[in-house]
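Have a look at the structure first, then read on.

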Amino acid sequence: MNAPSPALVAQRPERLRLVGQRRQLLAVMHQRLMFGMLVFAGMVAIIVLRILYLAAFGDHAGRKEGPTAFVPERGDIVDRNGDPLGRTIDAWTIAIHPGKVIGDKLALAQRLAQLMPEHSADQYFAMLRSGKPFYYLRRRASPDLVDAVNAIGEPGLAIEREPDRLYPQTSLAAHVLGFTDIDGHGAAGAERAFDKYLADPATRGQPLTLSIDSRVQQALETELGQAMQHFSAIGAAGVIMDVHTGEVLAMTSMPTFNPNAAGHATPDQMFNRATLGVFELGSTFKPFTLAMAMDSGIVSGPGQMYNCPQVLPAYGHLVHDTHPFGRRCSVAEIMMESSNIGMGQIADQLGTVRQKAWLKKMGFLDKAEIELRERGRPLTPGVRWGPFETMTIGYGEGIAVAPLQLAMGYATLFDGGIYHPPTILKIGAGHPIAAGKRVFTADTSYKMRSLLRLVVMKGTGRKADAPGYRIGGKTGTAQKLINGHYSQRVNLTSFAGVFPMDDPRYVIVVMLDEPKATKETYGFTTAGWNVAPVVSRTVSRIAPMLGVAPDINREPNMAEVLPYVQDAKQDAKKD
Amino acid sequence: MSSRSFRSVFMVASCAGAALGCYLVSLRVASERAQLEDVESRIVLAERDTRVLQTEIGTRGRLSQLERWNAGAFALSAPAADQFLKGGFELARLAAPERKPDFKAPVVLASAPVPERRAPLAEPPMDDSGAPAPAATPNTLLHEASLKIETREVPARTAALLPQAAARSTDKPATAARSAHKVSAEKPGLAAAHLRKKVGEKAAPIEAVSTPRFAAKKSVDKKPIVTARALTKLLRIAKVDPLAPLPAHHSGNSKGIAAER
């Protein structure tokens with residue numbers, strides 16, 4: 001190319017412009033290159049630094065991210081001595097993926113039917129051909145079965161470990177513990193009440209400590225179960241409580257169920273008679289009426305006299321006694337022989353307003369303050385609460401409460417008159433005792449000791465006595481309301497006892513629903529014949545475990561009541 | 001020159017060596033930590049296994065199962081109230097050996113020559129009667145000691161009488177009840193006054209004087225009271241404070257009481 005010399009021809013302005021642009025472009029390119037290099041260098045530097053950091057402070061490649069402490073899938077439930085009542089274990093689960101089955105489906109169905117006979121071979125074959133992705137065949141399978149299924153060698157069968165809830169003591173305290181549903185959430189009892197605590201990863205490492213003592217629970221369940229069987233009762237309930245703290249040491253409701261197989265339980269078995277069921281508990285209410293009257297200044301002491309005729313007409317009704325006195329009788333005698341006529345008069349003097357106020361204070365008009373969700377609302381006459389109803393409530397008819405509430409009332413009465421809300425959690429560092437509230441005076445509480453001891457020594461509850469353990473208490477036989485009428489033959493018997501009576505520590509309430517008469521009871525179905533012996537046997541079993549030493553020579557101060565008892569009738573037929 | 005030119009090389013080498021050393025230390029630490037974690041995870045696994053076994057044992061030996069075994073095989077029942085002991089003494093009483101005839105003991109016949117052996121036992125009374133003892137055995141020493149005690153007690157008796165007599169006359173319920181029959185038998189005020197006077201005069205012979213008095217009165221009234229009196233006196237002696245019997249102090253004391261009255 002013959003380029004024109006610059007001297008001859010002046011450069012064209014476009015060309016000049018072009019050179020300037022190129023220079024600019026070059027500069028920009030340099031800048032970009034520089035920037036790119038810096039970016040790369042930075043990245044390399046970051047990688048190098050990271051490598052250095054990892055070399056110095058990092059973990060090695062083989063590190064396992066294992067847990068440093070064992071935390072179960074769901075928290076344990078233990079009793080007050082630390083014995084497990086509910087645990088989560090890894091159970092074998094057998095399942096099937098029908099789509100992944102490669103072998104002969106008919107042969108597999110036949111083999112499965114042999115191993116797991118809950119379904120027939122046809123049903124298994126239908127499952128395999130259904131085209132659904134997944135079936136559970138067996139949850140909580142035994143190791144033998146798992147071995148056998150594994151030996152089939154079918155890749156479509158899935159054998160896995162799944163957390164599963166196990167109750168090692170089977171049906172012991174079933175109503176207190178409750179059970180979990182298929183997803184592992186609490187469905188009843190403590191499992192339901194403390195579901196959040198048990199499921200929370202932060203808290204489930206620590207077991208939930210109940211106030212239940214499994215040995216006491218076992219003794220109560222055995223003795224009560226035997227009585228229920230012996231007297232062919234349709235149901236039973238029992239509660240043992242610590243008088244001073246309100247801790248429930250044992251609580252049972254019968255018939256019971258096995259929480260390991262909660263699905264098989266009937267609604268009747270699931271029903272918690274101790275907390276959810278409310279019953280007219282009869283004469284076991286009399287000590288409360290008397291304590292109210294003593295605190296209100298109506299009754300001065302066990303020596304106060306009342307007129308106890310054969311039949312007492314009151315507000316258009318007649319009040320009967322099973323064994324009427326037909327004379328003047330003292331308050332001690334009214335308690336000892338469980339006279340409705342006498343106690344009705346005391347309740348009448350007390351009056352409706354005061355009675356309501358006392359019952360409210362004792363917590364008998366509301367649901368029990370326990371952590372369980374299964375709590376029954378007490379039944380009262382409501383708007384029909386007139387003077388006659390006041391009298392009947394005075395001897396325990398016309399008001400229905402849960403057996404737990406009755407135990408709570410006795411605990412209040414014998415803890416110097418101080419009410420502590422009942423609890424199923426052990427009182428300790430994590431669960432301090434709730435603030436008590438005074439209901440009765442300490443003096444009234446003290447006076448009731450000898451009165452209730454008298455009932456067991458000489459009155460209707462003689463069969464409840466366990467030598468040396470100073471049991472005091474009150475029998476109660478209520479007539480059941482059937483089709484709107486009180487039945488004369490069908491009873492609900494209960495006994496509320498406290499021991500040792502010279503320094504009350506534990507309260508025991510047992511109840512039998514519709515006990516039948518037997519030869520040994522001479523045809524009677526009253527509480528003195530069927531539930532009182534349960535108390536005697538249970539207390540003689542549990543008292544040594546609870547640290548109550550038997551002593552034949554100790555008694556509460558019986559000199560306060562014995563002078564007011566005219567003659568001790570030798571029958572335990574009434575209550 | 002050479003050292004200066006290689007200086008940078010040395011620097012680089014020493015830096016590299018130090019870095020390598022640091023890295024080795026951290027590597028060592030990391031491997032130790034890994035081993036520790038291995039152990040920890042093994043502990044967790046062992047805990048889980050323990051738990052599984054505990055659960056299995058607990059389930060197999062559940063309380064209802066034990067109860068069933070007890071009903072079927074052991075038949076144990078709750079202890080009765082009289083089966084509890086209150087302490088070591090009651091336990092020791094149970095372990096006390098039973099008295100049984102010892103069949104291995106030598107047979108002793110009824111006509112065995114015993115008198116020879118009894119001779120030394122019969123010696124002490126003979127000593128007392130006055131005859132000089134054949135040998136000063138410990139028995140005689142013992143006897144003398146007891147005699148001395150008797151003589152010492154004589155003043156003590158009077159000392160005991162005094163404060164109690166005073167107490168009786170004042171209104172102490174217990175002592176009054178004790179002396180009630182005595183008071184009814186004889187005139188109380190007078191007798192007491194006599195007694196007190198006598199005590200004021202002489203400390204030692206009071207008993208010798210007072211006993212015939214009472215005896216005379218009692219022989220008239222009732223005999224059993226005499227024995228009662230003797231008994232009560234003995235009791236008073238037993239209460240005596242050994243520091244009390246100082247004759248001078250005595251009289252002063254009794255006088256003081258008399259003055260008060």
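**The sheet and its neighbours**

Chain A has an open sheet of 5 strands, in the order E7-E6-E18-E17-E16, with antiparallel pairing. Strands pair here if DSSP finds at least two bridges between them; helices (H or I, at least four residues) and strands (E, at least two) are DSSP runs, numbered from the N terminus. This is a predicted model: local features need pLDDT of at least 70, side-chain atom pairs count only at pLDDT 80 or more, and totals for chains, interfaces and linings use all residues. Residues are numbered from 1 along each chain as its sequence is written, while chains are lettered from A and ligands numbered from 1 in the order in which they are written.

- At the edges sit strand E7 (248–254) and strand E16 (472–482) of chain A, each pairing on one side only.
- From one strand to the next, the twist averages 15° (axes are lines fitted to C-alpha atoms, for helices over the stretch in contact, and angles run from 0 to 180 degrees between N-to-C directions).
- E16(A) pairs with strand E17 (residues 485–499) of chain A in the antiparallel sense over 10 bridges.
- Thr477(A) stands opposite Thr493(A) in E17(A).

Helices on the sheet:
- Helix H16 (residues 442–458) of chain A packs on the sheet and touches E16 and E17 of chain A, with contact meaning C-beta atoms, placed from the backbone, within 7 Å.
- The direction of H16 of chain A makes about 70° with that of E16(A).

Where chains A and B meet:
- The contact takes 32 residues from chain A and 25 residues from chain B.
- H2(B) gives the largest share of chain B's side, 16 residues.

Note on methods
Two residues are in contact if their C-beta atoms, placed from the backbone, lie within 7 Å.
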